[in-house]
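Biologist: Can you walk me through this model? I would like to start with how the chains meet.

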Amino acid sequence: MSATLRYREASVGYDAPVVLGATLEVLPGEIVGLIGPNGAGKTTLVRSVTGEARVMAGEVLVAGRDVASYRRIELARLVGVLPQTVPAPFSFAARQFVEMGRHARMSRFGGLGSADHAAVARAMLLTDTTALADVPVDTLSGGDLQRLTLAQALSQEPQVLLLDEPTSHLDLNHRLQVLDVVRGLADDGMAVLAVFHDLDMAARYADRLAVVADGRLFEADTPDAVLTSRMLSDVFGVRAVIGADPVTGTVQVLPVVRTQERAPSRGVRVLVVSGSGAGAGLLRRLVVAGFDVEAGALARGDTDEKVATSLDVPFVPLPPYGSMRAQDESAVRDTASHADAIVVCAAPFGPANLGNLRAVARFASRTVLLGTLAAEEDFAHGEALRLWSALQRGGALQCEDVRSITACVEEVASR
Amino acid sequence: MTSSGRMRAIVVLGALVAALAVAFVAGAAFGAVPVAPAEVVRALARALRGLALSPEQAVIMELRMPRVLLAALVGACLAGAGVLYQALFRNALADPYILGVSSGAGLGAALALAIGGLGTISLFAVPVSAFLGAMATIVVVAAIATRRRVMDTLSLLLAGVAVSYTLSALTSFVLVVRREQMSRIVFWMMGGLQAATWQQVAIVAGMLAVGLAVPLFFTRELNIILLGDERAGELGVDVERFKRIVLAAASLLVSAAVSVSGLIGFVGLMTPHMARLVLGPDHRLLLPASVLSGAVVMVLADLVARVVLAPVELPVGIVTALAGGPVFVWLLLRSRTGRA
């Protein structure tokens with residue numbers, strides 16, 4: 001009792017093809033996620049299984065048989081679908097709505113049998129909708145309706161489950177609940193193909209992910225292999241920090257900036273001295289504003305380092321928890337000497353990164369000090385505070401608010 | 001259906017059957033010459049047993065009974081067609097005449113009256129011609145709306161409007177050309193049951209049986225189709241085949257009604273709508289209940305048409321439209337402020 005969903009060189013679309021030559025296999029027991037920008041054809045791929053989109057070349061197979069060769073009612077016994085939206089304009093009771101999923105398994109004559117009632121009850125229990133049974137569906141919230149629609153699909157007792165943005169209307173709790181249910185169904189042998197917009201959820205629940213973009217379906221692979229900053233930049237046009245979900249350890253995507261948000265270059269070179277995440281927002285802001293940004297020395301794993309990497313901002317790399325060596329400091333000094341402006345953030349400074357401050361010490365007139373360095377952020381026995389006030393005395397421009405940083409940088413750059 | 005739902009269905013349908021029986025007796029008893037309701041029952045009983053009838057009982061059986069039965073059948077057909085069209089268009093305010101059936105039947109009847117003109121030929125020619133006009137209209141409209149073997153409901157509506165206007169223009173043309181027949185044609189279009197015969201009763205009953213029996217096997221699909229063509233397909237409904245079956249059944253019903261009664265408005269729109277408001281959207285109950293309600297409404301409307309200006313008869317279409325129009329407006333206003 002397990003069926004595989006297989007796309008074999010399938011070109012699918014409506015009047016014209018949307019996705020060309022798609023090849024993908026969704027095996028019993030796995031969740032395969034489809035990701036990609038809006039309009040790329042993820043939904044079209046899903047809809048081609050149920051005949052709503054046309055298969056123009058190649059094949060789409062369920063349990064080894066071309067989907068076009070199935071009668072609708074046969075296919076509905078194998079494949080359940082949770083579409084993006086389900087209109088519920090008439091006031092059926094929620095339970096009646098779920099019972100409609102049994103249509104393909106009932107005879108034309110007679111009503112619901114005990115097997116039907118059991119399947120409906122189970123589907124409603126799994127989707128946490130039992131309490132809604134008597135509520136008219138046209139009064140339900142989008143999230144309740146989405147879970148009921150999943151219940152409707154599950155009451156079909158399908159072997160292949162197609163989910164199109166299964167959690168788009170759901171709150172955080174129900175999002176996890178629904179995906180946990182789907183995970184459980186997959187573990188029991190269902191083949192699941194799901195369209196995801198939430199990449200973190202995709203990484204967390206899918207066994208494999210496949211990117212749909214530019215009219216193609218790219219080869220499916222593990223979330224770690226697919227969710228790279230390069231893919232996000234190429235496919236979504238977003239610079240992002242790829243991290244690890246601190247709870248599950250799965251890939252987590254933190255978008256930093258949209259590629260097209262970047263202003264054209266101002267031809268102004270800016271060195272940013274920061275650390276421990278103090279400069280992350282600043283780096284993004286300056287890059288978007290069109291400055292040619294470089295960073296001082298940053299330790300691997302530091303938040304500022306991840307953001308700088310995602311933005312293609314050059315920096316002097318330090319090993320994790322490592323200290324700046326003499327050559328690191330002179331590299332920063334070298335950058336500083338060529339920079340039109342230097343921004344120094346009120347970041348925690350200690351022996352490991354104090355060299356950054358020393359490196360810019362003699363360029364006070366071209367420096368903007370962002371914020372105020374508090375004594376408790378000086379882990380260098382007063383040395384950081386001393387260097388900071390030396391910059392102030394040397395004529396550095398004080399900037400209190402990161403929102404006015406563009407003007408401050410332009411001001412010192414024109415000195 | 002749950003067991004409590006089944007109980008409710010039995011109660012509702014039982015009550016409607018009882019109401020229909022009362023309406024039958026009332027419809028046969030009242031008229032230009034009133035008779036006692038008991039006499040109606042007695043006449044029925046004697047006729048059923050094949051016993052000889054008194055002159056008064058013969059009047060009841062030969063004039064009143066066919067008329068009342070035909071009224072019930074026409075009402076049932078219109079309401080049944082209304083339910084089916086409303087499901088097909090997923091719109092609780094869809095009307096049996098929505099696809100231009102009325103214009104097609106009108107043109108058919110007008111042609112028969114204009115050409116036949118005199119004598120007994122038109123007695124059969126008019127209903128047959130109206131029926132053919134109605135069916136032909138739907139076939140044309142459905143053909144226009146079908147592309148790549150898919151019948152699009154929006155195209156169906158638009159094609160219905162376009163075809164309907166064209167046919168109305170042709171009917172007007174016939175009216176102008178055969179001005180001497182104008183009053184008969186216009187009178188036919190107003191809708192009425194004056195010429196009811198047992199023969200008509202038998203024919204319409206046959207069409208009602210076919211046009212209703214088929215959809216009664218498809219009540220589950222009628223429910224599911226309300227979720228949209230796409231979802232219905234995902235749940236295992238062969239949507240295109242189903243739409244054709246429903247369209248054919250609904251068209252048979254409405255054509256049968258129109259052919260013997262002319263254009264009687266609002267029964268096919270209002271009755272299913274009201275039934276849905278009271279009973280909910282489940283077609284397993286809605287379809288039979290609407291059909292029975294349509295029969296009751298029509299028998300009563302015809303009764304009103306006969307007695308209100310007695311001995312002059314009003315076309316029953318005027319009664320249903322006068323009562324139905326304002327109710328429809330009220331429903332519209334109500335659905336704008338709250339739920340339909």
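Biologist: How many salt bridges are there between chain A and chain B?

Modeller: The count is one salt bridge, meaning a side-chain nitrogen of Lys or Arg within 4 Å of a carboxyl oxygen of Asp or Glu. This is a predicted model, where local features need pLDDT of at least 70, side-chain atom pairs count only at pLDDT 80 or more, and totals for chains, interfaces and linings use all residues. Residues are numbered from 1 along each chain as its sequence is written, chains are lettered from A and ligands numbered from 1 in the order in which they are written, and side-chain values use heavy atoms, with hydrogens and water left out.

Biologist: Which residues form the salt bridge?

Modeller: A:Arg47 and B:Glu230, with the closest N and O atoms 2.6 Å apart.

Biologist: Why does that pair join two chains?

Modeller: Because A:Arg47 lies in helix α1 (residues 42-47) of chain A and B:Glu230 in helix α10 (residues 229-234) of chain B. Helices (H or I, at least four residues) and strands (E, at least two) are DSSP runs, numbered from the N terminus.

Biologist: And how many salt bridges over all chains?

Modeller: The search of the whole structure finds 34.

Biologist: Back to the contact. How many residues does it take from each chain?

Modeller: Chain A gives 36 residues and chain B gives 27 residues, where contact means heavy atoms within 4.5 Å.

Biologist: What area is buried there?

Modeller: About 2700 Å², and carbon and sulfur atoms give 55% of that area. Buried area is the accessible area (1.4 Å probe) that two parts lose on being put together, summed over both. A:Phe90, A:His103 and A:Arg108 supply 26% of what chain A buries against chain B, more than any other three residues.

Biologist: New topic: what is the strand order in the open sheet of chain A?

Modeller: The order is β14-β13-β17-β18-β19, with parallel pairing. Two strands pair if DSSP finds at least two bridges between them. The edge strands are β14 (292-295) and β19 (397-399) of chain A, each pairing on one side only.

Biologist: How many bridges join β17 to β18 in chain A?

Modeller: Four bridges join β17 (residues 341-345) to β18 (residues 367-370) of chain A. A:Ile342 stands opposite A:Thr367 in β18(A).

Biologist: Which strands does helix α12 of chain A touch?

Modeller: Helix α12 (residues 326-338) touches β13, β14 and β17 of chain A, and its direction makes about 140 degrees with that of β13(A). Axes are lines fitted to C-alpha atoms, for helices over the stretch in contact, and angles run from 0 to 180 degrees between N-to-C directions.
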